[in-house]
Amino acid sequence: MAVGKKVCIIGSGNWGSAIAKIVGANAAKYDQFDTTVNMWVFEEMIEGRKLTEIINIDHENVKYLPGHKLPPNVVAVPDLAEAAKGADILIFVVPHQFIVRVCDTIKDHIKKEAVGMSLIKGVDEGPEGLRLISEVIKGKLGITMTVLMGANIANEVAEEKFCETTIGCKDKVNGPILKELMQTTNFRVTVVAEADVVEICGALKNIVAVGAGFCDGLGFGDNTKAASCGVADLITTCYGGRNRKIAEAFAKTGKTIEELEIEMLNGQKLQGPATAGEVNRILKSKNMVDKFPLFNAVYQICFNGHPVTDFISCLQNHPEHK
């Protein structure tokens, strides 16, 4: 009898836990997957109990996705290497700042023929310029990589509200398998071959979302915010995502991004400011900062103390308007 493909979710924050609901349910439903889904959980103590213990007994990530039951076949594992061992499909959903450390930890413990899928929205700043996170993972682990990006706010996915997502997969073998693992009635999946385009759009839109939050915090209207927005994933993030929400509070309160992450996100990290920093350094190295005034404005406000009220001038003085 054929053995089903074993799935491991690397990460258990808000988005990782929402995805675990889908992956766990589908792994239990379809014969081509091993029923048990390992989920690596960074161990924490919550009111005297280990977070892994809470998830495995109560089937709820009370810290990062409270109020939502996880399927009982999703098993929280505190040891990263142990969680990934033997997996055929590795789903990466950790803040992009940690991906190198994660790869270094698991590289000697995974199958060489494993397939990775990155849900991480960010870029890496390497010596040769911008690198996609999927490229970083592939370079470290030597495995086939795919990506999943979309207009997917974690809590709405967990609440099973209808949304769409896109899997970028360059080969025709893994696409249908990953689609079956991820798709539900209310989480509809499209598979495309242009994985790089899918990933870069998923990363850069978080910088724009920070700008959208600045617009909200400064009291500008929807027309102003629309001047910095695109479509689908970008719009959803600019109206409902955490990058926008924290940026609005930043503009209104004067608190730092770090303070607001602790207060409003339970210590989880934003991707927008970090991506803005990496993109800014890449643009500087190529003398292209002036061509991307919105990206530069977000960077200057988040990292160099520029007043948030300066943000509107980046839209007013955009080179496309001259």
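Student: What order do the strands of the open sheet come in?
Tutor: The order is β5-β2-β1-β6-β7-β10-β11-β12, eight strands with mixed pairing. Strands (E, at least two residues) and helices (H or I, at least four) are DSSP runs numbered from the N terminus. Two strands pair if DSSP finds at least two bridges between them. This is a predicted model, where local features need pLDDT of at least 70, side-chain atom pairs count only at pLDDT 80 or more, and totals for chains, interfaces and linings use all residues. Residues are numbered from 1 along each chain as its sequence is written, and side-chain values use heavy atoms, leaving out hydrogens and water.

Student: Which strands stand at the edges?
Tutor: β5 (74-77) and β12 (187-192). Each has a single partner strand, so one side of each is left without a neighbour in the sheet.

Student: And β7 with β10, parallel or antiparallel?
Tutor: Parallel: β7 (residues 115-118) and β10 (residues 144-150) pair over four bridges. M117 stands opposite T146 in β10.

Student: What does α5 touch on the sheet?
Tutor: α5 packs on β6 (89-92), β7 and β10. Contact means heavy atoms within 4.5 Å.

Student: Switching to helices: at what angle do α4 and α5 pack?
Tutor: About 25 degrees, with the axes of α4 (residues 99-106) and α5 (residues 133-141) 9 Å apart. That makes α4 roughly parallel to α5 (angles under 35 degrees count as roughly parallel). Axes are lines fitted to C-alpha atoms, for helices over the stretch in contact, and angles run from 0 to 180 degrees between N-to-C directions.

Student: Which residues of α4 make the contact?
Tutor: I99, V100, C103, D104 and I106, against I133, V136, I137, K140 and L141 of α5.

Key: Angles under 35 degrees count as roughly parallel, over 145 as roughly antiparallel, 65 to 115 as roughly perpendicular and the rest as oblique.
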